[in-house]
Amino acid sequence: MVCSGSQGRFGRGAKLVARSSSSRHTWEVTTTDSEPVAEAAWSARVNGAPIAFDYDDVSLVPRLVSTLTHRVDAKPTIDFGPLRLTLPIMGAPMPDVCGAEMCRALAVDGAVGVLHRFQSIVAQVESVHSAVSGDDGEPPLPTPAAAVGVSGDYRERFSALYEAGVRVLCLDTANGAHVQVGAAIAWCRAAATDIFLIAGNVASAEAFHWLEDQGADAIRVGIAGGSVCETRTETAVFVPTPYAVWECAHVKTHALVIGDSGVRTPSDFCKLLALGADTVMLGSALAGTRQAPGRVIVVDGSKYKIMRGAASFSVQQEHGGQEPDYVEGAETMVPYKGSVADVTSRYGAGLRSSMSYMNARSLEEYRANVNFVFHYSRPG
């Protein structure tokens, strides 16, 4: 299969797996003498548009004989700035996913949580200290990552979090390809030279390359694929996360790729890593666990927790102090899942088993050895 990427730096000739030639729709555009350049450019954008693929469109194929005696021989370890992760999972900075307890639980399991910013600066700093110290009798842990915005109080929030010991900061915004994000990166770099900066979100090679040039150390890749995100419905902006990760991974020079959006199962997790993600951010997969913020509610005898998108009505109302005039996030109930350790154990076991199929002892070998098969009807 030949899978074309975006124009420009990425190039239309980039290949995922060269097994059969790609077909695409052809649109006819008749140019006029008055606007030939504009019409031709529009035609090129339509006829040259890539065919994207989503989670259910691709599977992994083992083509090598494995020499791993057991899946525990697979070590999916990655250095993430000052942190060494033994499980490439990140907890999303969402108000109903990553509080202090979630950050601590993920750290115990070798992953990392990004403490959400939808709270006062004082409360977020207190959460940092709580995540580190834990309850009485618990050993101290490394300081978690934490999120700030790119406007409003982000400078004061950044300074307070840095003073509290945070060295992995996430500039948390929906559209990472924005001049405000570039300005925030520049300010953070000037404020502290030893900070590891996460930026995003983006969904194209061009936007990823731009954020790299601005100085981002890691970039969240994925827009509108989350279970409580309404961006696709409200704006028509959407790129399937697996395709976006593959496209961005092909142009990266130094920034880490964080696959972020729509992961439902260990299978989705494995696919993003195989396609080029260095780590994967989880939201709904962690929501509903005991360590997620919020209380358990019972409906018709079944247990649930609430999960809200960052741009949902209630999150904006609580954080902004007034009724929002535009909503781009949903609010829903997710089944109660018990401990987050059950989730991380399942995802870790699935990844290590997948790596053993690919004769991979590391994530680098995993990406080098993996092959793909596509199983969807493509337009002819």
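At what angle do helix α4 and helix α5 pack, and how far apart are their axes? Let's start there, and then walk through the rest together.

A quick word on what we are looking at. This is a predicted model, where local features need pLDDT of at least 70 and side-chain atom pairs count only at pLDDT 80 or more, while totals for chains, interfaces and linings use all residues. Residues are numbered from 1 along each chain as its sequence is written, and side-chain values use heavy atoms, with hydrogens and water left out.

Back to our helices. Two packed helices are described by the angle between their axes and the distance between the axes. Helix α4 (residues 154–163) and helix α5 (residues 179–191) pack at about 35°, with axes 11 Å apart. Helices here are DSSP runs of H or I with at least four residues, strands are E runs of at least two, and both are numbered from the N terminus. The axes are lines fitted to C-alpha atoms, for helices over the stretch in contact, and angles run from 0 to 180 degrees between N-to-C directions. The crossing of α4 and α5 is right-handed, meaning that the near helix is turned clockwise from the far one by less than a right angle. On the α4 side, Y154, R155, F158 and S159 meet A183, A184, W187, C188 and A191 of α5; contact means heavy atoms within 4.5 Å.

Now a second pair. The axes of α2 (residues 100–108) and α3 (residues 121–133) come within 8 Å and cross at roughly 35°. This crossing is right-handed too. From α2, the contact uses A100, C103 and R104, and from α3 it uses S127, S130, A131, V132 and S133.

Let's stay with α2 for a moment. Its buried residues are A100, M102, C103, R104, A105 and L106, where buried means under 20% relative accessible area, exposed over 50%, and partly exposed in between, with a 1.4 Å probe and protein chains only. Their cover includes β4 (89–91), β5 (112–115), α3 and α11 (340–357). After α2 comes G110, with a positive phi near 85°.

In α11 you can find S345. S345 is partly exposed, because its relative accessible area is 44%. D109 lies 236 residues from S345 in sequence, yet their C-alpha atoms are 8.2 Å apart in space.

On to the strands. They form a closed barrel of 8, running β4-β5-β6-β7-β8-β9-β10-β11 with parallel pairing. The twist from one strand to the next averages 30°. Two strands pair if DSSP finds at least two bridges between them. Between β4 and β5 there are 2 bridges, and M90 stands opposite V112 in β5. Which residues of β5 are buried on each side? V112 and V114 are on one side, G113 and L115 on the other.

V221 brings us to the core. The largest nonpolar core has 103 residues, and F80, F208, V221 and Y366 have the most contacts inside it. Such a core is a set of buried Ala, Val, Leu, Ile, Met, Phe, Trp, Tyr and Cys residues joined through side-chain atoms within 4.5 Å. Leaving aside neighbours within four places in sequence, F208 touches residues including V202, I219, V221 and C248.
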